[in-house]
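Hello,

Here is the structure we talked about. Please look through it first, then read the notes below.

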Amino acid sequence: KAVALPSSFVEDFAKLTSQSIVGWRDAKEKNCFNDFAPHLTKIVDMLRKKADLIGYQDHPYDALLDTYEPDITTKEIAALFSPLRTDISALLKKILSAKQVDDSCIRHEVSAEKQLLLGKKILNDMGYHDANGRVDISSHPFSSSCHPTDSRITTRIDLKNPTSNISVLLHEG
């Protein structure tokens, strides 16, 4: 697949996605999707071109899907998830029509320091220890492990919604 992509395409795509990260971060901060939409349009256009360059049999996304889910096709994915659509739609309607839980008790401002302390305590209880990694803050949380004794986690802090940080750390941890 790598040889199917001209170096000029790889370079252009790398530049575009690097520039788009800044656009995404700014748009997210302002909660304004329209600011990011032009970046996203260019990325999707280039991904379509990438699929054409790599080649595919049935669906353009098959050329890209293999990166994330090796040896599976969009047709197989559709067969897996289509049966769930009816049940999930019914569940969503039920949830949306139900009386919403009053969660005001957990929606108050909590400092970044306190959130990180609680998050590290939760991670520690899960078996993640500072001796083998670290936790940092980023605009888009992720985890990476470059060695069995070196694991990095990032989280985001929303001062008015501490459950966001907890959810991120549970997921990444």
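**Helix pairs**

Helices α6 and α7 are roughly parallel to each other, a label for angles under 35 degrees, while over 145 counts as roughly antiparallel, 65 to 115 as roughly perpendicular and the rest as oblique. This is a predicted model, in which local features need pLDDT of at least 70 and side-chain atom pairs count only at pLDDT 80 or more, while totals for chains, interfaces and linings use all residues. Residues are numbered from 1 along each chain as its sequence is written, and side-chain values use heavy atoms, with hydrogens and water left out.

Two packed helices are described by the angle between their axes and the distance between the axes. For α6 (residues 112–126) and α7 (residues 162–172), the axes come within 10 Å and cross at roughly 30 degrees. Axes are lines fitted to C-alpha atoms, for helices over the stretch in contact, and angles run from 0 to 180 degrees between N-to-C directions. Helices (H or I, at least four residues) and strands (E, at least two) are DSSP runs, numbered from the N terminus.

Residues of α6 including Leu116, Ile122 and Met126 meet residues of α7 including Pro162 and Leu169; contact means heavy atoms within 4.5 Å. This contact has nine nonpolar, three polar and no charged residues. Ala, Val, Leu, Ile, Met, Phe, Trp, Tyr, Cys and Pro count as nonpolar, Asp, Glu, Lys and Arg as charged, and the others, Gly among them, as polar.

The axes of α1 (residues 7–30) and α2 (residues 33–54) come within 9 Å and cross at roughly 150 degrees, so α1 and α2 are roughly antiparallel to each other. Among the residues in contact are Phe13 and Trp24 of α1 and Phe36 and Lys50 of α2. By class, the contact of α1 with α2 has 10 nonpolar, five polar and six charged residues.

**Strands and cysteines**

Ser145 lies in strand β2 (residues 143–147), and Asp150 is in strand β3 (residues 150–155). Is each of them buried (under 20% relative accessible area), exposed (over 50%) or partly exposed (in between; 1.4 Å probe, protein chains only)? Ser145 is exposed at 53% relative accessibility, whereas Asp150 is buried at 17%. Leaving aside neighbours within four places in sequence, Ser145 is in contact with Asp150 and Ser151.

Cys32 is partly exposed at 26% relative accessibility, and Cys146 is exposed at 62%. A search of the whole structure finds zero disulfides, each being a pair of cysteine sulfur atoms within 2.5 Å.

Regards
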